[in-house]
Each structure stands twice: as C-alpha cells, then as structure tokens.
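Hi,

Here is the structure I promised to pass on. Have a look at it first, and my notes on the side chains follow below.

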Amino acid sequence: MKCSIVRLPCHVIVFLVVLFIDLETHFCGVVETSGKVPAARGGHSATLFGSRLIVFGGEDRNRRLMNDVHVLDLETMTWDVVEARQTPPAPRFDHTAAVHSERYLLIFGGCSHSVFFNDLHVLDLQSMEWSQPEIPVDLVTPRAGHAGIAIDDNWYIVGGGDNKHGCPETLVLNTTKLVLSMLTRVKERDPLASEGLSVCSALIDGERHLVAFGGYNGKYNSEVFVMRLKPRDSSHPRIFQSPAAAAAAASVSAAYALAKSEKLDSSNLNLNSKGVENGLSKQNMTIEIDALKEEKRAMELSLAEVRAENSRLSEKIDEVNSTHAELSKELLSVQGQLVAERSRCFKLEAQIAELQKILESMQSIENEVQLLRRQKSVFEQEMELGKAIQTQGSGGVWKWIAR
C-alpha cells in the first residue's frame with residue numbers, strides 16, 4: 001500500500017463539510033440502559049460489533065486505569081461484562097480499537113500515566129480469549145491519542161504521540177495476516193503527527209481516501225488532510241511481521257475462512273463456481289507473488305542500506321583505532337617521562353636527607369664552637385687577672401728595697 005498526502009482545495013473541503021452536515025440526525029437525549037453498567041470513564045475505546053457496542057479500558061474519575069471489556073446490546077440497551085481468559089492488555093487509555101471478521105477485537109497502543117504502549121492485543125469474541133501477536137516494537141513508535149479506521153482487511157492508524165513528540169508514521173495493519181506496514185512518514189511537527197486527531201474514509205472520484213482532521217502537536221490544528229490509497233506499486237512499504245504474528249494470523253485466517261464456509265449454501269456449489277474460485281485463487285496467488293517480490297526488493301534495499309551503514313561504521317572504527325594507537329604512543333611517552341621524573345624526585349629526596357643531616361651536624365659543631373669561645377673567654381680573663389696580680393706584687397718589692 002502507498003499513501004499520498006494532500007491538502008484539500010477549498011471546494012473539496014466545502015463538499016466534505018456539506019457531506020458531513022447533510023446527514024439527517026435526531027437527538028434522542030439520554031437513553032436508559034440496564035444490566036451491568038460499567039463505571040464512568042474517559043479515554044476508552046468504543047467499537048461497533050454488529051448490533052453491539054464493545055467498550056474497552058479508559059480511566060475513571062479517580063484516574064484509576066482499567067482494562068475491562070463491556071458490551072452494550074443496542075437493540076435491548078442492556079450492558080454485559082465480558083469475562084475473558086488469558087492475559088489481558090495492561091490497563092490503558094487513549095488507545096484505538098477495531099473489529100475484524102465480526103469476531104476479533106484488536107487493541108493497539110495507548111498509555112498509562114507514565115508508559116506509552118506500542119503493543120497489539122486480540123480478543124476472540126467467540127472463545128473470549130486474549131492473545132498478543134508479536135510485532136517489532138523497536139520499529140513501531142509507542143503512541144497514544146492516535147486515530148484508526150478499518151477498511152476491509154486493513155486497519156489504518158494515523159498520528160498519536162507521547163506528550164513530547166508526535167508519531168510521524170502512518171501505519172496499516174493487515175488484520176488477516178497481521179502484517180504491519182508503514183504507508184508514509186511526515187515531519188515530526190506536521191499536523192498529521194498529532195495527538196487527538198480524527199480520521200475517516202470517503203470515496204472521492206471513485207477512489208478510497210482517508211480524511212484526517214485536527215489534533216494537537218503544541219498547537220491545535222484545523223487543517224484537513226486527504227490520503228489517497230493506491231494499490232501496490234514500485235514503492236516499498238516497510239513490512240513488520242514476526243513468527244508469532246504469522247502463527248496468530250494463520251489461526252485468524254483459518255477461523256475466518258471456517259466462519260465464511262459455514263454461511264455458504266452447499267446447493268449453490270457447481271463447476272462454474274469452482275472455476276470462478278480457481279480463477280480467484282490464481283489471481284490471489286498472483287497478487288501474493290507480486291507482494292512477495294516487492295517485499296524481496298524492499299529487503300534487498302534494506303540489506304544494501306545496512307551494508308552501506310556497516311561500511312561507514314568500519315571506516316569510523318578504523319579512524320578510532322588509528323587515533324587510539326597514536327594516543328597509546330603518547331601515553332607510553334608520558335609514562336616514560338613520569339618514570340624519569342620519579343627517579344629524579346627520589347634522588348632529590350636523598351640529597352635533601354643528606355643536607356638535613358649536615359645541617360644537624362653543623363648545629364652541634366656550632367654549639368661546640370660557642371662552648372669553646374666561652375671557655376676561651378674565661379681563660380683569657382684568668383690570664384689577665386694573673387698578670388695584674390703579678391704586676392702588683394713585683395712593684396711592692398722594689399719599693400721595699402728602695403727604703
């Protein structure tokens with residue numbers, strides 16, 4: 001599938017507006033219902049299933065998240081609660097839902113108060129069992145507030161976001177094969193990458209179109225976008241499918257085929273119908289072969305992109321290795337310099353220790369010199385005193401002789 005996005009001319013917008021408002025509507029007021037009435041809630045999904053309305057999830061007035069399923073019979077206006085088996089989806093709101101083959105309820109995306117989901121869940125409305133086909137979650141952006149619409153076996157999912165970024169991918173899920181492909185991708189700030197937008201289908205000039213309106217991506221939008229759906233062509237949509245999804249799709253297809261076969265009248269089967277069936281089978285095979293060829297070409301292109309990316313990464317790795325080698329050489333040089341400086345520091349420390357010892361010995365020598373100086377001073381004083389006494393004694397003798 002491929003999607004072409006165009007902004008509608010004014011006259012087409014007027015046509016669509018007239019188409020939307022020219023429907024005969026009657027306001028009936030509040031309708032009384034009975035049975036197991038669900039709790040008041042918002043952010044849930046409501047999906048029409050024949051003459052019944054299926055309500056899933058949402059949050060109540062206390063912001064308590066829910067993952068319960070309720071069914072409203074529109075003929076009797078009676079509510080009933082579904083007691084499903086197996087593991088249900090995590091409680092959530094602002095998700096989207098669709099019904100396939102008048103039997104399977106599909107739930108995609110949504111959020112809790114802190115987590116945004118990109119998972120797919122299927123409820124078999126006959127066996128009342130939940131299942132979760134695997135899809136490559138790393139390739140599908142988690143989202144809430146997106147819009148979805150089912151056309152035949154395709155479920156188109158537009159917009160959504162995670163309160164920080166819008167989801168630019170428009171996805172389509174083949175509900176029979178459970179194959180997810182990307183129709184188109186817009187810029188992140190494009191109005192189509194918005195939360196809370198709406199989408200519906202319309203026939204314009206005999207071709208099926210998706211019509212998207214509104215949403216919020218930092219500002220409220222009022223633009224109308226038309227996406228023209230084309231058959232498979234040379235474009236290569238990105239295909240997402242896992243083995244588990246393929247197995248689940250096989251069971252869904254088998255059950256769908258069985259349900260259809262039960263409605264056939266065996267009396268109407270004849271050779272002509274068999275010929276038509278064989279012709280349709282050949283046509284389906286041709287379509288499948290073309291689809292496989294396109295998928296092969298898409299995979300070859302993806303492989304070429306991966307190889308080119310690997311080549312670029314190899315060049316970057318070589319550059320990093322070269323830089324690492326140069327840095328290793330510089331590191332070794334610096335380590336050698338550090339070793340030389342360390343040995344020099346050791347020598348200086350040894351010299352400092354020797355000088356400290358010399359200084360300590362010089363202090364002791366200084367003390368001895370001071371002691372010797374004091375002793376010398378005392379000795380000199382004693383010598384002078386002795387001389388003075390000797391001089392006085394000799395003067396007295398001569399004086400006595402003179403008498």
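A residue counts as buried when its relative accessible area is under 20%, as exposed when it is over 50%, and as partly exposed in between. Cys111, at 5%, is therefore buried, while Cys200, at 26%, comes out as partly exposed. Before you read too much into any of this, keep in mind that the model is predicted. As for disulfides, the count is zero.

Next, the histidine. His70 sits in strand β5, which runs over residues 65-73. With a relative accessibility of 6%, His70 is buried too, because the cut-off is 20%. Its side chain makes a polar contact of 2.9 Å with the side chain of Asp68.

Now the rings. How many aromatic pairs does the structure hold? There are two. Tyr216 and Tyr220 form a tilted aromatic pair, with 4.6 Å from centre to centre and 50° between the planes. Of these tyrosines, Tyr216 is partly exposed at 39%, whereas Tyr220 is exposed at 72% relative accessibility.

One more for your list: Arg92 lies over the face of Phe117, 4.1 Å from the ring centre.

Cheers

Key
Residues are numbered from 1 along each chain as its sequence is written. This is a predicted model: local features need pLDDT of at least 70, side-chain atom pairs count only at pLDDT 80 or more; totals for chains, interfaces and linings use all residues. Side-chain values use heavy atoms; hydrogens and water are left out. Rings of Phe, Tyr and Trp (its six-membered ring) pair if their centres lie within 6.5 Å; planes under 30 degrees apart count as stacked, over 60 as edge-to-face and the rest as tilted. Buried means under 20% relative accessible area, exposed over 50%, partly exposed in between (1.4 Å probe, protein chains only). A charge sits over a ring if NZ of Lys or CZ of Arg is within 6 Å of the ring centre and within 35 degrees of the ring normal. Helices (H or I, at least four residues) and strands (E, at least two) are DSSP runs, numbered from the N terminus. A polar contact is a pair of N or O atoms within 3.5 Å; within protein, one must be able to donate a hydrogen and the other to accept it, and residues adjacent in sequence count only if both atoms are side-chain atoms. A disulfide is a pair of cysteine sulfur atoms within 2.5 Å.
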